[in-house]
Amino acid sequence: MKLLIVKPSSLGDIVHALFAVSLLRSALPQAELWWVANDSLVPLVSLCPQIHPLPFPRKALGKFSLSALRRFLGELRRHRFDAVLDFQGLLRSGLISFAARAPLRYGFASAREGASLFYNHPVVLPPEISHAVEKNLLLVRAFLRDQGKQDEAEAAPPPLELRLPPAWLAEADSLMESHGLPAGAPLVAVGCASRWPSKSWPVGFFAQVLQEVRRRRPDAAIWLLGAPEERARAEELRSLCGLPEGALLAGDTSMGALCALLQRSQVLFTNDSGPMHIAALEGVPCVANFGSTNPALTGPYGPPGFHAIIQSPCPQAPCMKRECPRGDNGLCCQEIPPAQVADKILQRLPPPAKPGGECPSPAP
């Protein structure tokens, strides 16, 4: 059987789908799995063994390139897929699902922009399921039951097997050395920006939290991540905290190096962002600020208590707006004591080493 996964969109969307794809891979080990993903996100899809990426030329199609569209459609139809599972549920993904010409097309009955019109197996979401990962798992389980895989459909998704390429690990090693990040120290990753302005909590709040972390754990090494356009914000945070210049890695990391550096970190302190989802995927605990968005829908996925959500007390949260409707997203963190947030970070660090390199005995 040849299956096509359609989830081309954002980094967080890709991560949310990986858990369901892991269940699909485990239940149908002989199936050939392909995944339509934006070409910029193909490296993330490629981390999972036995999954073939099918790049979607988003930028080229945004420039109305007919040749890029023809190439993509030709590649899509060449494979003669037996089934398509559309996790995205938008017009674009519905059209891709239909264009694949597979006899079985699964998607959500509540898909937006008319996407459900392109499915011949629409799956109804019960009201108690809200998180994106759980929604994707429901879609896979519906497909597996229809394939006579009842027991497999009821199983929990197996642990993800992520294989970071040696080149990514080597790039992370080189960056740590050039930026003066000690290899043996507890690493605290920090993402103080996000794609939506409303998701980016004030730099001053981040600084207060990190100053408390540094006061109580001077042995911890802090590094600041972000895209090139977020570098100025990260530099402001570095300056406020008095961190060394080497702590600033925003704009210096490729997707591969970011994945490798997060994997080596003990905790990520962050806004709701793409790196948050990568960290969760890699089993790195997150202390995540949520105000404009809803963690019940798109929070970092993991076992209960593994991640810590810092929920905004703003009466309009979650507003689901890109811009703060009150004109000041500093209201998101009002009344939240920075020391309490620092506690959440410190709880997720290994205990400090005793003099001589011995770690203290665990508390009884």
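The largest nonpolar core of this predicted model has 67 residues, of which Leu24, Trp35, Phe87, Phe143, Leu144, Trp223 and Leu262 touch the most other members. Helix H1 (residues 11-27) gives the most to this core, namely 11 residues. The model is predicted, so local features need pLDDT of at least 70 and side-chain atom pairs count only at pLDDT 80 or more, while totals for chains, interfaces and linings use all residues. Residues are numbered from 1 along each chain as its sequence is written, and side-chain values use heavy atoms, with hydrogens and water left out.

**Nonpolar cores**

- A nonpolar core is a set of buried Ala, Val, Leu, Ile, Met, Phe, Trp, Tyr and Cys residues joined through side-chain atoms within 4.5 Å; buried means under 20% relative accessible area, exposed over 50% and partly exposed in between (1.4 Å probe, protein chains only).
- A second, separate core has 34 residues, including Ala250, Ala308, Ile336 and Val341.
- Not counting residues up to four places away in sequence, Leu262 touches Ala189, Trp223, Leu225, Leu268, Pro275, Ile278, Ala279, Glu282 and Val284, where contact means heavy atoms within 4.5 Å.

**Helices H11 and H12**

- Helix H11 (residues 255-263) packs against helix H12 (residues 274-281) at an angle of about 55°, with the axes 9 Å apart; axes are lines fitted to C-alpha atoms, for helices over the stretch in contact, and angles run from 0 to 180 degrees between N-to-C directions.
- This angle makes H11 oblique to H12, given that angles under 35 degrees count as roughly parallel, over 145 as roughly antiparallel, 65 to 115 as roughly perpendicular and the rest as oblique.
- Met255, Leu258, Cys259 and Leu262 of H11 meet Pro275, Ile278 and Ala279 of H12.
- By class, the contact of H11 with H12 has seven nonpolar, no polar and no charged residues; Ala, Val, Leu, Ile, Met, Phe, Trp, Tyr, Cys and Pro count as nonpolar, Asp, Glu, Lys and Arg as charged, and the others, Gly among them, as polar.

**Helices H9 and H14**

- The axes of helix H9 (residues 203-216) and helix H14 (residues 338-347) come within 8 Å and cross at roughly 55°, which makes H9 oblique to H14.
- Among the residues in contact are Phe205 and Val209 of H9 and Val341 and Leu346 of H14.
- The contact of H9 with H14 divides into nine nonpolar, one polar and three charged residues.

**Surroundings of Pro49**

- Pro49 lies in the loop between helix H2 (42-45) and strand S3 (51-56); helices (H or I, at least four residues) and strands (E, at least two) are DSSP runs, numbered from the N terminus.
- The C-alpha atoms of Pro49 and Leu162 are separated by 7.5 Å, although the two are 113 residues apart along the chain.
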